[in-house]
Amino acid sequence: MYKKSQSSTVLNLFANESSRFTGQAAKQFDDPNAWHKQFHTQVTCSIDEGLFSPLFNSSHGAPPLSA
């Protein structure tokens, strides 16, 4: 079944992402003006997911890949 993504999803694989970095790398990762934060805000979050809902079936989710 098609489910719309949450507007503020946090990728969390066992820990906070910034805890994986130290020093300058942590500063760059947490910078709100960094390219990856801007890309997430301006591109990823602005995708209209409703366009993809016809690709999903309400009874069994996404169709299998064609061979």
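Here is a short chat about the predicted model shown above.

Visitor: How many helices and strands does the protein chain have?
Guide: This is a predicted model, where local features need pLDDT of at least 70, side-chain atom pairs count only at pLDDT 80 or more, and totals for chains, interfaces and linings use all residues. Residues are numbered from 1 along each chain as its sequence is written, and side-chain values use heavy atoms, leaving out hydrogens and water. Helices (H or I, at least four residues) and strands (E, at least two) are DSSP runs, numbered from the N terminus. On that basis, the protein chain has two helices and zero strands.

Visitor: What share of the 67 residues counts as buried?
Guide: Buried means under 20% relative accessible area, exposed over 50%, and partly exposed in between (1.4 Å probe, protein chains only). Of the 67 residues in the protein chain, the buried share is 7%.

Visitor: Is K37 buried, exposed or partly exposed, and why?
Guide: K37 is found in helix α2. Its relative accessibility is 30%, so K37 counts as partly exposed.

Visitor: Which residues does K37 touch, not counting those up to four places away in sequence?
Guide: A contact means heavy atoms within 4.5 Å. With that cut-off, K37 touches F29, D30, D31 and P32.

Visitor: Which residue has its face under K37?
Guide: A charge sits over a ring if NZ of Lys or CZ of Arg is within 6 Å of the ring centre and within 35 degrees of the ring normal. K37 lies 5.1 Å from the ring centre, over the face of F29.

Visitor: Why does F52 count as partly exposed?
Guide: F52 lies in the segment after α2 (35–42). F52 counts as partly exposed because its relative accessibility is 41%.
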